[in-house]
Structure formats: structure tokens, C-alpha cells
Amino acid sequence: MLGALVLWAGAGCSRRVPEGTAAEQAVADAPTVYVAKRIRTLDAARPEAQALAVRDGKVLAVGTREEVLAAAGATARVVELGDATVVPGLTDSHGHLAGLGQALSGVRLEGTTSLAEVRQRLEKAPSTAYQGDWLVGQGWDQNDWDTPRFPTHADMGEHLKDMPVVLWRIDGHALWLNGEALKRANITRDTKDPEGGTVVRLPDGAPSGVLIDNAVELALKVLPQPTKEQHEARMRAALEHCARVGLTGVHDAGMDLRTFRLFQAWDRAGTLPLRVYAMADGQTEDRVQYLKDGPFQGKLLTMRAVKLTLDGALGSRGAALGAAYSDEPGHRGLLLLSPEEYAARVHAFVGRGFQVATHAIGDRANTLLLDTLSRELAATGTRDARPRVEHAQIMTAADLQRLGASGFVASVQPTHATSDMPWAEKRVGPERIQNAYAWQKLKAAGAVLALGSDFPVERPDVLAGLYAARTRQDASGQPPGGWHPDQRLSGEEALEGFTVGAAYASFAEGRRGQLKPGMDADFVALSVDPVDAPPADLLTGQVRLTVVAGREVFRADAR
């Protein structure tokens, strides 16, 4: 049985020796040598090794056991990892740490198969799920229920009628409110749909209880904020969870200012355990302060990008499509920013030196993104901007080629494909689905793939992401051969997406993504080889060690 130990950087993550004699200090400064069955370096000059040495947060040497021990010297500490496979630090290129922290503390609704099961989980809500007197939950998906329809406030249950309840849909693009929450938010039949949002209504015109995309702000403006203690506890839980599942870094897609200030304090104190590439929240008023401050570079915390959101999600029919949804004639989804406002925000952030990362799921949104960024970068002469397309799910054939040829980064999430495959074609039809979740087509066009999960929409478990990338199947191996199997990634391509691709997407390719001398000592030891092992083995594989800047932030010890 494995017992997990999470260690915080700067707080016991590496061997400490009290200051004293020169000999004691020499031991403290000595390298650490890690020996494993296989080390996949992703360095073409030496793709495999058996040992690596670490000193001062950097890789000192990579090679055979004998070569590395000789380079490290007689005082080196040796860590035997047995039959493990070591890979470069794994980075989730698109996640939401605040959302993960909230999901870990709130009512978990992922995997529910009926409204009755949702009500059962709400009845067992933990005390941590409350913000003020509001009950908060996350993860429902009507597509998984025995009655696959949007819920109503009446479906929440009578026992909660006097308590305000807000429940996030799994994609984060819709909220489900009960009657008391609707009342406190003053959402009535007279409430107008905001630009880029929808108040779903009952046949008589009264609000149903579901708010889509920009309409969620009608409820969020009255929802009490987490206390300082709640916020800190949630963020620690999120970071620790990421370390446990083998992540050495996270690209946080739209960080609010409150969380960024907390992370800055932790980074200064040396207690931030992972590398965080923060994208400023460019959707809310926080963007004003971010534009004033400009990019930031700390020790493990970087803010160089901005996250903008153009459209909604496919599951809630908020993704902006060029033609109507195949399963809802006349409806083309939602643009959450007008073309003019999007162009203005792109211009402002490019002018302040930010990389622009844009959520675009539908083909209409992806076309607008490519048009706007191409025009802005050409007009300003901005070079090596590496604009990021976050999701790039439904695209035209022409835009797939344009994305790759124009130097854009495709930030895609393998588990989105395997979660969406039961219903995605119903949304867009048999023709548009040919250019959806099209990873190999993006690669062929020249795009760099940066892989992630979009947690907490999906689990941040990187082994599950590697499995989905290689198979395009669910955990039971369905459908046979994979969903649109021509778009599967090889084992090495999938690993590169979470390492080399993630590094390139954050301007860190000279420092991370590979294991070779002089690069940052970020790596993960796994019980399974992610490249050569049968894909199904990834589902039962274990993370044995997570190392960031030479410090062990997670170790699974045999008990």
C-alpha cells in the first residue's frame, strides 16, 4: 500500500544539515543522484538514461549509473527508484487551481447519473462546502443523467428550499440555482439576458434556475466570497493534489487577482510547491490591475499571459458555431465578448507584453480568434508572441491549417475528447466532427500541442490524460480502436505534449521539458512507462515521486 507524503518547497523538501563545520556544509551542498530502470530525457542526443544528478535545483548530469556517480562525486546522496520510469516534469497546460480548490471542498457532483443522486450528495454536504450560508457544489452534467435535460430549481429538493444553493456545471459555463438563490439574486421573469449569457426559462417565462455563461454573474455578485482561511486552505489543497498526481507545473487559465497575490506571497516565502504559469484573468475587472502591473517573474511563479474567453462550452450549447447546432436548429451559441471588445483587450494586453491565450471552442470563435490575433500581431510587428488557442475543439479545415502556419499554440485537453465523444457529434453533426478534437491534423499543420486537463472540469490526473491521448477511449476501452482513431497521439507525442509542448507554450523550452545538464531539475518517477507500456496500464499506474527545482514535493512510500 502506498502512503502519500506531500512536502512543501522550502519546508523540508530536501535534506537539511545545520550550519556548522565545513564538512557538514559540504554534505548539505552535495548533489543527489536518482537511479531508475529508465529515464526518458526527451533529449534527442541521449533519449534514455539510468541515472541523473541534481544540484542547486538544476540537472548536473544524465547518463549511466557509473557516469552520473562519477560526475556527482563521493559525497552525493543516492536515491534508488527501482523499476520506476523517470520523465521530465509533467505540466498541465490548462487548469484552474481556484476551481480545483473549490471542487475539493464543495459538494462533488461528477459522475452523478440522476437527479436523485444529486439530491443524495447534497444531503451529505461537508461543512467546507459553505460560503457564508450558501451551499456550493460542482460537477453536474445533464448529459450523464437518466433524464438528459437541464435541471430546474424545483429539482433541487424540498429539504434545501430555505437555503441558497449554487451548483456549477462540470464545464464551468453554467450555474444551477435553487429557489432561494434565485430570490437572493433577484432573478425573476423580468430579468433580461445579459450580453453573452442566457437565463434559461420555463415555458411560462419564469427562470428555470440555470444560468449560462455571462448570466452566471447575476448570481456570483451576491454569493459570499470564501474567507481568507477558506481561500488559503483550498489553494493548498489544490496544489498538494496536483503534486500527488505527478504535476510539477500548472498553467492556470485565468487567475483571479486575490489568488495571484496569495501565490506571490507564497513564492516570496519559498512555500509554493509547484511551478505556476499564471494567465491573468482578462475577463473581469481584475484585468485593470493586471494591465497596470504588467508581467511578473518570481521564483516558481510567472505571469506572462492573459486568458480571454470568447465563447461558452459545447455541452451547454454555448460554444459559438458558424452554423446552427445540429441538435438545436436556429441556435449558434454565444460570444462572451463582442468582436470589438475582444480586439480592444487583445490590443491592450499585447501592448503590455502579455501572451494572449483565448478560450475558443466553436468554429465561429476560433475564426474570430485567428482573424483578430493575426491582424493585431501584424499591425504591431510583435514577434514570437506564441498566441495560445485554449481548447481549439471545433474548427474549419482552413482554420486548422491557419492555426499551425501562423505560429499559434494549440492548448488541447485529451480527456475532453473522451468525455465529450458520447454526444459531441449530436451537437455538430457528421461533417463538422471531422475537424473536431483533431490533434494529428493540428500537428500536421505545424501547431505545437500543449496538453492539459482543464481541471476541475476533468481530473488533473496526468496518467489519465496520457491514456486518453494515446487511445481516445474511455476507461473500459470503448469504442474499439478509439474515437476517430486517426487523431490519436503516440506515446512519445503524448508525453511531449505534457513536457516539451508545455514548456514551449510558456516560453520555457530552454529550461524545462527535457532532462539534460543545466536544465531545471523538474521530473516525475512513475510506476509505468508512459511511452511503451500498454495504454491500459496507465489507468492503474502510480506516481512515486514528484520533484520541482530539485526538491521532492511528493513521495509515495511503501508502508
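This is a predicted model: local features need pLDDT of at least 70, side-chain atom pairs count only at pLDDT 80 or more; totals for chains, interfaces and linings use all residues.
Is Arg-169 buried or exposed? Arg-169 counts as buried, at 2% relative accessibility.

**Figure 1. Arg-169 and Asp-141 form a salt bridge.** The N to O distance between the two side chains is 2.9 Å. Arg-169 belongs to strand 11 (residues 165–169). Asp-141 sits in the loop between strand 10 (134–140) and strand 11.

**Figure 2. Arg-38 pairs with Glu-48.** This salt bridge spans 3.3 Å, N to O. Arg-38 lies in strand 2 (residues 32–40) and Glu-48 in strand 3 (residues 48–55). Ten residues separate them. Arg-38 is partly exposed, with a relative accessible area of 25%. Glu-48 is partly exposed too, at 35%.

**Figure 3. A salt bridge joins Arg-402 to Asp-371.** Their side chains meet at 2.9 Å, N to O. Arg-402 is in helix 12 (residues 397–405), and Asp-371 is in helix 11 (residues 363–380). The pair therefore ties together parts that are 31 residues apart in sequence. Arg-402 has 26% relative accessibility and counts as partly exposed. Asp-371, at 33%, is also partly exposed.

**Figure 4. Shared partners build a salt-bridge network.** Arg-38, Arg-40, Glu-48, Asp-529 and Asp-532 are joined into one network. The salt-bridge count for the model comes to 37.

Technical notes
Residues are numbered from 1 along each chain as its sequence is written. Side-chain values use heavy atoms; hydrogens and water are left out. A salt bridge is a side-chain nitrogen of Lys or Arg within 4 Å of a carboxyl oxygen of Asp or Glu. Helices (H or I, at least four residues) and strands (E, at least two) are DSSP runs, numbered from the N terminus. Buried means under 20% relative accessible area, exposed over 50%, partly exposed in between (1.4 Å probe, protein chains only).
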